[in-house]
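Notebook open, model on screen.

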Amino acid sequence: MKLLAVPATIVMAGAFVTTAQAQQTQTQPQAQPQPQAQSQPQTQQQTQGQTQQQAQGQTQQRTQAQGQAQPRTQAQAQAPMYPQGYIGADAMYWDFRQDDGPSGDSAGLRLRGGAQFNDYFGVEAHLGTGGSDGPVELDYLIGAYGKGILPLSEEFRLYGLAGITEVDFDDGREDGVSYGAGAEFDIAPNFAVGADYMRYLDRSEHTFDAASVGLRFRF
């Protein structure tokens, strides 16, 4: 009996140790899911935080893009549309001088109209009449010109004209190359005041000049 008690004791001790190890082994897998269960909310929170940051970054980028686009849109809205037509009416003070023959100067009326194709170039036509001084009487003048423009600001510009004019006096008709220069200032979105000086006829024996001041309407 004593001999059997020793192996039995050894077997029981071994079984007890085996049982304790098995219980520890079972306890460890049950404890492992707890960190995983805790890590999942943390991962979800991190993912949600990253998503919120990305959404905020995209919103900021869109806001910045919209802020950058607004000045361009406003500038485009203020920019004039071409081609752009206009008409005007001027008081014209003309002067006719010739070496051998009568001379004179007087005041008349001039109408003009044209089209502007961009900020720097356009075409213009003049029609003038009226006024007489002694032996010289102006029946009409009519001409067509190319127009070069130099904008100094949004409201103020200089320009030059060059073309051809036909002038009809009471004693004859004549045509020739014409040129001149002027300036305009915008007093309203579609209205401008301006003045120019034109040499309508430039011959060796006589000249015909005119200074004009008036209004222009742009449409």
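I started with arginine 110 and aspartate 90, whose side chains meet in a salt bridge at 2.9 Å, N to O. I count a salt bridge when a side-chain nitrogen of Lys or Arg is within 4 Å of a carboxyl oxygen of Asp or Glu. Arginine 110 sits in strand S2 (residues 104–116) and aspartate 90 in strand S1 (residues 84–98), so the pair ties together parts that are 20 residues apart in sequence. Strands here are DSSP runs of E, at least two residues, numbered from the N terminus.

Note on the source: this is a predicted model, so local features need pLDDT of at least 70 and side-chain atom pairs count only at pLDDT 80 or more, while totals for chains, interfaces and linings use all residues. Residues are numbered from 1 along each chain as its sequence is written, and side-chain values use heavy atoms, with hydrogens and water left out.

Buried or exposed? I checked arginine 110. Its relative accessibility is 0%, so I put it down as buried (under 20% relative accessible area; exposed is over 50%, partly exposed in between; 1.4 Å probe, protein chains only). Aspartate 90 is buried too, at 3%.

Next I looked up aspartate 95 and arginine 97, which form a salt bridge of 3.1 Å, N to O. Aspartate 95 is partly exposed at 21%, and arginine 97 is partly exposed at 38%.

Then I moved to arginine 216, which forms a salt bridge with glutamate 184, the closest N and O atoms being 3.3 Å apart. Arginine 216 is in strand S9 and glutamate 184 in strand S7 (residues 172–186), so this pair ties together parts 32 residues apart in sequence. Both residues are buried, arginine 216 at 2%.

How many salt bridges does the rule give? I get 16. I also found a network of them that links Asp90, Arg110, Arg112, Glu124, Lys147, Arg157, Glu184, Asp186, Asp196, Arg216 and Arg218.

Last entry, tyrosine 145. I find it in strand S5 (residues 136–151), buried at 3%. Its side chain makes a polar contact of 2.6 Å with the side chain of threonine 165 (N or O atoms within 3.5 Å; within protein, one must be able to donate a hydrogen and the other to accept it, and residues adjacent in sequence count only if both atoms are side-chain atoms). Histidine 126 is 19 residues from tyrosine 145 in sequence and 8.4 Å away in space, C-alpha to C-alpha.

Terms used: Helix = DSSP H or I, 4+ residues; strand = E, 2+ residues; numbered from the N terminus.
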